[in-house]
Amino acid sequence: MELSLLREFIVLSQTLNYTKAAEILHLTQPTLSKHIVAMEKELGCSLLERDRRRVELTESGNVFAAAALQMVDTYDDARQRIHDIQTLTPLKVNGIMSDSAIASITSIAATFLDAEGEAPASYNSLNDTNYLEQLVEGDADILLAYAELDKLDNLGLAYIPLIRSPFVAMVSMDSPLASMKSVTMDDLRSYRFVKFADGYSLSGWTNIERVCQEHGYTPRTRAVLGRTYMNYCAIPLGVEDVMILQASMPQLRYLSDFSRVTVLPVTDDDAAFRLYAIYKKDNYERVQPALDAYTRARKIILNHGKGGTLVDSE
């Protein structure tokens, strides 16, 4: 027997008035009567005695009313417990945690989630080249990462934009580019791009390679192993080398004090790292509060004029 029918019978048993019960349940009186008759037929007994003046529960009706209350209360209690478990179980969020804009978004979002009693988030850095599989296989609820958007739909994934960090080109002071104030992607066509071979960087390299190809060339590369986020600036650069980094990296402003490199803004509009909050479509209900919190946090940063690296729209 459907739970909704049990709820209807409970209301009728408490009001003993078809008209009043139908109003409470937002049903027509004939519909309520039809449902009660169906329940009596299923149970094989009369639940109510009715005449023109009154409605009363039969002995079987009293027994069933008590049982219906117990069944509905048990269901509602179980549903609440399940909700509490889901609310208290942290969301698993993996991603590029070293980005300063991401740190701002996630810290503000954490305040919203806590104030609203939503599930907190547990954050871990990406350490796998096949990071999208973490979502597909349920090892993560949300990924904060770069992505080839045209591949997401086929994997059952969706996204919201989070940050946009323009490219900068780091070159040796001996490079012919060092005397320039800025460069374009076309200026870099004949240079050799430093390519870090790890999961974190390869996800961003896809972005770099795509932009180069949109400008009509496939970049020559020099593979570098064993990088960490902190040693980008320690990689020696030859005169033909160029390293594409995020403009938002705070340590870049100090390079001239200790290193023979220079950092040049890349002025093309499409020359930027775009980072997204990616999630599994069929997990949307669970992750929606966090996605909403990220969106609200991003707007706060933009409204304060600090949104140079944030995506306001796609």
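**Figure 1. How α5 and α8 cross.** Angles under 35 degrees count as roughly parallel, over 145 as roughly antiparallel, 65 to 115 as roughly perpendicular and the rest as oblique. In this predicted model, the axes of helix α5 (residues 100-115) and helix α8 (residues 284-303) cross at roughly 120° and come within 8 Å. As for handedness, the α5/α8 crossing is right-handed.

**Figure 2. Who meets whom between α5 and α8.** On the α5 side you'll find S104, I105, T106, I108, A109, F112 and L113. Facing them from α8 are P289, A290, A293, Y294, R296, A297, R298, I300 and I301. Sorted by class, the residues of this α5 with α8 contact come out as 12 nonpolar, 2 polar and 2 charged.

**Figure 3. α1 against α3.** Here helix α1 (residues 3-15) packs on helix α3 (residues 29-43) at an angle of about 105°, and their axes are 10 Å apart. The two are therefore roughly perpendicular to each other. L5, E8, F9 and L12 do the touching from α1, while α3 brings L32, H35, I36 and M39.

**Figure 4. α2 against α3.** Helix α2 (residues 18-25) also meets α3, with axes that come within 9 Å and cross at roughly 100°. So α2 and α3 are roughly perpendicular to each other too. From α2, the contact takes in Y18, T19, A21, A22 and L25; from α3, Q29, L32, S33 and I36. This contact of α2 with α3 has 6 nonpolar and 3 polar residues, and no charged ones.

**Figure 5. Inside the largest nonpolar core.** In soluble globular proteins, nonpolar side chains tend to be buried together. The largest nonpolar core in this model has 58 residues, and the members that touch the most others are I142, L162, L188 and Y294. Strand β6 (residues 157-172) gives the most to this core, with 8 residues. Apart from this core lies another one, of 20 residues, including Y18, A21, A22 and A65.

**Figure 6. Zooming in on I142.** Which residues does I142 touch, not counting residues up to four places away in sequence? They are L91, K92, V93, N94, L135, A277, I278, V287, A290, L291 and Y294. Two of these, A290 and Y294, also turn up on the α8 side of the contact with α5.

How values were computed. Residues numbered from 1 in each chain as written. Predicted model: local features only at pLDDT ≥ 70, side-chain atom pairs only at ≥ 80, totals over all residues. Heavy atoms only, no water. Axes fitted to C-alpha atoms, helices over the stretch in contact; angles between N-to-C directions. Helix = DSSP H or I, 4+ residues; strand = E, 2+ residues; numbered from the N terminus. Left-handed = near helix turned anticlockwise from the far one by under 90°. Contact = heavy atoms within 4.5 Å. Nonpolar A, V, L, I, M, F, W, Y, C, P; charged D, E, K, R; others polar. Core = buried A, V, L, I, M, F, W, Y, C linked by side-chain atoms within 4.5 Å. Buried < 20%, exposed > 50% of the residue type's maximum accessible area, 1.4 Å probe, protein only.
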